[in-house]
Amino acid sequence: MDVFEAIHSRYSQGKVKPDAVPRALIEELLRAAVQAPNHYKVRPWRFVVLTGDGRDKLGDVMAASQRENHPDFPQEAFDKARATPLRAPVVIAVGADKPGEPKVLEIENVCAAAAACQNLLLAAHAMGLGAKWRTGEWARDAKVKEFLGFAPDQHIVAFLYIGYPEFIAENPPRPSFEDRTVWME
Ligand SMILES: Cc1cc2nc3c(=O)[nH]c(=O)nc-3n(C[C@H](O)[C@H](O)[C@H](O)COP(=O)(O)O)c2cc1C
C-alpha cells in the first residue's frame, strides 16, 4: 500500500477482534512510530505496550481510581472502567517526555509523540490491523500514569487500541482542507 492510499483509506476501527496480535507485528508498528520527526533528536515518545493480563492490571487500576474519586458511582461504572482496556487485544499507551533542557519545548515533544502515533496508525492500517486513538479521562488520571510509569506532569498523548478489524465500515470521505487553509502568495 503506498503512503497516499494508506492516508486516504485509514479510518478508526473501534471494534476489533479479541485475537492476539503477534509480538513481531507490534514491534513493526513501533519501528514505524519512531520514524517520526522530533526536535533536537530527543526521541520524546514513550510506549507502554499492554497485552493479555497487562490490560487487566490496567483495568484494575482504572476501576480503583474511579472508586476512589467517585465512591458514589454505581458498581456498573467500576465494572465499565475495569473493562476499558479490554476493548482491543493490544493497547499502547504513548507518553511524551517532559523537556530536560530549556531549548526543548514541551509542545514540540507532544507534537513529536503525536506524529509517532499517526505513523503507528498508518502502519497498522497498511498491515491490515484496525486501530483507534483514544485519550479521555484516563490519559489524565494520576493512578493510571503512576501504573504506566509516567510522571504526574507527563502527558499521555494516546491510548492506541489495536487489533484485527471486526468489519471494514464504509466511511464518508473527510472534509476538504479548503475551509481550513489560506494561501499567502
Ligand atoms: C488526541 C486525540 C484524542 C482522541 N481521543 C478520543 C477518545 O478519547 N475517544 C474517541 O472516541 N475518539 C478519540 N479520538 C478520535 C478518534 O481517534 C478518531 O480520530 C476520530 O473518531 C475520527 O475518526 P477517523 O480516525 O476514522 O477519521 C481522539 C483523537 C485524537 C487525535
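Predicted model: local features only at pLDDT ≥ 70, side-chain atom pairs only at ≥ 80, totals over all residues.
**Why these labels? Arg82 and beyond**

Me: Why is Arg82 called partly exposed?
Reply: Arg82 has a relative accessible area of 33%. Residues are numbered from 1 along each chain as its sequence is written, and side-chain values use heavy atoms, with hydrogens and water left out.

Me: What makes Arg82 and Asp60 a salt bridge?
Reply: The rule wants a side-chain nitrogen of Lys or Arg within 4 Å of a carboxyl oxygen of Asp or Glu. Arg82 and Asp60 come to 3.1 Å, N to O, so the pair passes. Arg82 belongs to helix α4 (residues 75-83) and Asp60 to helix α3 (residues 52-69), 22 residues apart, and the pair links distant parts of the chain. Helices here are DSSP runs (H or I, at least four residues), numbered from the N terminus; strands are E runs of at least two. Asp60 is partly exposed too, at 40%.

Me: How do you know that Asp79 forms a salt bridge with Arg82?
Reply: Their closest N and O atoms are 3.8 Å apart, and that is inside the salt-bridge limit, so it counts. Both residues lie in helix α4, three residues apart, or about one turn. Asp79 has a relative accessible area of 39%, so it's partly exposed as well.

Me: Which residues are linked in a network of salt bridges?
Reply: Asp60, Asp79 and Arg82. The general idea is that side chains of opposite charge can pair when their charged atoms come close. By the rule, the count comes to 10 salt bridges. One of them joins Asp179 and Arg180 at 3.4 Å, N to O. At 58%, Asp179 counts as exposed, and Arg180 gets that label at 72%.

Me: What makes Val3, Phe4 and Ile7 a patch?
Reply: Patch residues need over 30% relative accessible area and no salt bridge; nonpolar side chains (Val, Leu, Ile, Met, Phe, Trp, Tyr) are joined within 5 Å, like charges within 9 Å. Ile7 is at 39%, so it clears the area cut-off. Together, Val3, Phe4 and Ile7 have about 300 Å² of accessible area, calculated with the Shrake-Rupley method and a 1.4 Å probe, where for residues only the protein chains shown count as cover. Ile7 sits in helix α1 (residues 3-9).

Me: How do you know that a residue surrounds the ligand, and which ones do?
Reply: The test for being near is a heavy atom within 4 Å. Arg10, Tyr11, Ser12, Lys132, Trp133, Arg134, Thr135, Gly136 and Arg174 surround the ligand. By class that's two nonpolar, three polar and four charged residues, where Ala, Val, Leu, Ile, Met, Phe, Trp, Tyr, Cys and Pro are nonpolar, Asp, Glu, Lys and Arg charged, and the others, Gly among them, polar.

Me: What about Tyr40 and Lys41, where phi is positive?
Reply: Most residues other than glycine have a negative phi. Tyr40 is at about 60° and Lys41 at about 50°. Tyr40 lies in the loop between α2 (23-33) and β1 (45-51), and Lys41 is in that loop too. At 40%, Tyr40 is partly exposed, whereas Lys41 is exposed at 73%.

Definitions and conventions: Buried < 20%, exposed > 50% of the residue type's maximum accessible area, 1.4 Å probe, protein only.
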